[in-house]
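Please read this briefing alongside the sequence and the model. It goes from terms and overall composition to selected local features.

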Amino acid sequence: MRKVKIVWILVCFWTVLVLCGCDRSEEILYFDRETAGDEYTPGDMGGLSRDDLLSEESDATADMDRQICVHVCGRVCRPGVVMLPEGSRAWEAVEAAGGFSDDAGEAAVNLAAVLRDGERLYIPSVDESVAEPGGAAGDGKVDLNTADASLLQTLPGIGETRAAEILSYREKHGGFQSAEEIMRIPGIKESIYEKIRDRIKVD
C-alpha cells in the first residue's frame with residue numbers, strides 16, 4: 001500500500017513539472033530593429049549601422065572608379081581623347097597619348113598640373129615654345145597679352161572661338177590690364193576664370 005502511494009506521488013510530481021512547461025523546447029527570440037526603436041544601440045560599428053558601412057564602402061569605390069575625359073593634341077604620338085582616373089596629372093595624359101613626339105616642346109608644358117574633366121591639353125612644338133614670348137617655359141603661366149591662339153587653347157574652357165575673342169579684345173583695347181579682365185570676354189564667366197586663374201598672367 002505504501003509503494004502505491006509513493007508511485008502515485010511521483011506521478012503527480014512529474015505531471016506538475018510537465019504542466020509547468022519544464023519539458024517544452026527552448027524558445028527562439030528574434031531581434032527586430034524596427035520594433036526596438038530608440039532602445040537599439042549599435043555595438044562595435046562606431047555608431048553606424050551595417051547599411052551605413054556598406055554605403056560608405058560603395059561611395060569610396062565610386063570615387064576610385066571616377067574618370068575624366070581629356071583632349072590631348074599637338075606634338076604627341078597619338079593625339080586624341082583619353083580617359084583617365086580623376087586627379088590625374090598632365091604627364092599621365094601625355095603617356096596615354098603615346099608620349100611626346102620628337103619635336104615636342106616639353107619645357108612649355110607643366111607636366112605636374114592636375115587635369116580636369118573636359119580639359120584640352122596642347123603640346124606645342126619646340127619652335128612654338130621658343131618663339132612664343134608668352135609661353136609656359138618660365139613660370140608655367142600663359143601671358144594674356146602675348147600668347148597666340150594655340151597657346152590660349154591650352155587653358156581649360158578656352159576653345160578656338162574664345163581664343164579668337166581674347167585676341168580680338170586684346171587688339172581692340174591695347175592689351176589686358178589684369179588677369180581678371182578676361183571675364184569681359186563673352187562666355188568666360190567666374191566659373192571658367194576660377195579654373196584658369198592660376199595658369200594665366202598679365203605682364
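A residue is called buried when its relative accessible area is under 20%, exposed when it is over 50%, and partly exposed in between, with a 1.4 Å probe and protein chains only. The model is a predicted one, in which local features need pLDDT of at least 70 and side-chain atom pairs count only at pLDDT 80 or more, while totals for chains, interfaces and linings use all residues. Residues are numbered from 1 along each chain as its sequence is written, and side-chain values use heavy atoms, with hydrogens and water left out.

**Overall composition**

- The protein has eight helices and five strands, where helices (H or I, at least four residues) and strands (E, at least two) are DSSP runs numbered from the N terminus.
- Along the sequence these elements follow the pattern α-α-α-β-β-α-β-α-β-α-α-α-β.
- Of the 203 residues, 30% count as buried, and the accessible surface (Shrake-Rupley method, 1.4 Å probe) comes to about 13700 Å², with 53% of it belonging to carbon and sulfur atoms.

**Strand pairing**

- Strand S1 (residues 67–74) runs antiparallel to strand S2 (residues 80–85), to which six bridges join it; strands pair if DSSP finds at least two bridges between them.
- A hairpin of five residues leads from S1 to S2, and Val72 has Gly80 in S2 as its bridge partner.
- S1 is also joined by four bridges to strand S3 (residues 120–123), in a parallel arrangement, with His71 bridged to Arg120 in S3.

**Helix H7**

- H7 (residues 160–173) has 14 residues and spans 20 Å from first to last C-alpha, close to the 20 Å expected, the expected span being 1.5 Å times one less than the number of residues.
- Ala163, Ile166, Tyr169 and Arg170 are the buried residues in H7; they lie on the same side of H7 because they cover an arc of only 120° around the axis, the arc being that of the directions from the helix axis to the C-beta atoms.
- These buried residues pack against helix H6 (149–152), contact meaning heavy atoms within 4.5 Å.
- On the face of H7 turned away from the buried side are the exposed residues Glu160, Thr161, Glu171 and Lys172.
- Just after H7, Gly174 adopts a positive phi of about 75°.

**Thr154**

- Thr154 sits in the loop between H6 and H7 and is buried, with a relative accessible area of 8%.
- The side chain of Thr154 reaches the backbone oxygen of Leu151 at 2.5 Å.
- Leaving aside residues up to four places away in sequence, Thr154 touches Glu119, Arg120, Tyr122, Val142 and Arg199.

Technical notes. Polar contact = N/O pair within 3.5 Å; in protein donor to acceptor, adjacent residues only side chain to side chain.
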